[in-house]
Amino acid sequence: MLVQNSFWNRVKYFRSQMTRAQRKRTRTRKPRGINYPFNIEKQYQREIIKLHNGFILRALEIVKPYILTYARNDSMETDWESIWQQLEKELELYYGYTYVVAYNMGQMFTEIAEKVFGKHSAFMQQEVKVLTGGNTIPMDYSWWRDAELFWEKENYRLIKTMGTDYITKLNSIVISGVQSGATYSDLLEQIEGLSSNMTGFNARRLARDQIGKLNGIIAKEQQTSIGMETYYWHTMGDEKVRGDPTGKYPKAIPQHFYIDNMLCSWNNPSVYSDDLGKTWKTRPASWVQTHPGMEILCRCSGYPSWNYYLSSIDKEIEGGV
């Protein structure tokens, strides 16, 4: 399939200047792409923990005097409802009403997003230089700002929800503890356990899920913006791949293991091809039915299917490949 746009027209021109051997070597080489950015995920996880810990400290400053009063008087004279309202107010003050003004969250989101985007942009130009004999081709990134804003707004919502969940569970611990006659030390121990568990687990889970999604969004938009309709599914190839019979999750549904290295369609996530697009098959119900990175906690990537398009270009140049 020969795509007719400025990008592929330039690819065709530059490839026409290459030797037949050069074209064949670049056309038949193994697909390459951006792997899951673990380092950026770890950085994002640390930033989320830092943010959430800051809110926890503020929440505890509000709650501890109430618990201490209860412990000393063995009563519930303090109005817990007013404490709860203070917590909700502090939540809005700390996280803000929009991600743009929320405790430097907007700046943090942009920094993380730009790092992932930068890796993709640099990689694509490296690939273009290989495929064109050392030439670069300007690419259209007009889609990036909207994609970035969408990701940032969603992450703001998710991180703020962590704060909401925290004060909801904190409320439950305090009310249940007071009603059951728990001691001051018992209440503090439960609250500290809540703070530690929610911060660590939730931060790791959110960072893994959202960096995977951002990685997938950028891959799709970058490739489709130049008219590329297909990609190769690429798993991490380790024991955590879902559905791997010899891995940690052999019975995981949906499976990602069997679609590894298959040609897939950006227009239809329910199909795949094992013969370079000559025929398309419906993915079995047990297989993943979305694009790489879109399933929760997915680390898979979509590799550009250059050979699928270069075959058509080289055939036109050479009159047959």
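Mentor: A polar contact is a pair of N or O atoms within 3.5 Å; within protein, one must be able to donate a hydrogen and the other to accept it, and residues adjacent in sequence count only if both atoms are side-chain atoms. The side chains of Gln210 and Asn155 make such a contact, at 2.9 Å. Before going on, note that this is a predicted model, where local features need pLDDT of at least 70, side-chain atom pairs count only at pLDDT 80 or more, and totals for chains, interfaces and linings use all residues. Residues are numbered from 1 along each chain as its sequence is written, and side-chain values use heavy atoms, with hydrogens and water left out.

Gln210 sits in helix α7, residues 184–224. Helices here are DSSP runs (H or I, at least four residues), as are strands (E, at least two), numbered from the N terminus. Gln210 counts as buried because its relative accessibility is 4%. Buried means under 20% relative accessible area, exposed over 50%, and partly exposed in between (1.4 Å probe, protein chains only). Contact means heavy atoms within 4.5 Å. Setting aside neighbours within four places in sequence, Gln210 is in contact with Tyr44, Trp151, Glu154, Asn155 and Leu158.

Leu87 has its own set of partners: beyond neighbours within four places in sequence, Leu87 is in contact with Phe55, Ala59, Ile62, Val63, Trp80, Ile167 and Leu170.

Tyr303 brings in Ile34. Ile34 is in the loop between α2 and α3 (38–73). Its relative accessibility is 13%, so Ile34 counts as buried. Leaving out neighbours within four places in sequence, its contacts are Lys119, His120, Phe123, Asn215, Ser301 and Tyr303. Take Lys119: it is 85 residues from Ile34 in sequence, yet their C-alpha atoms are 7.6 Å apart in space.
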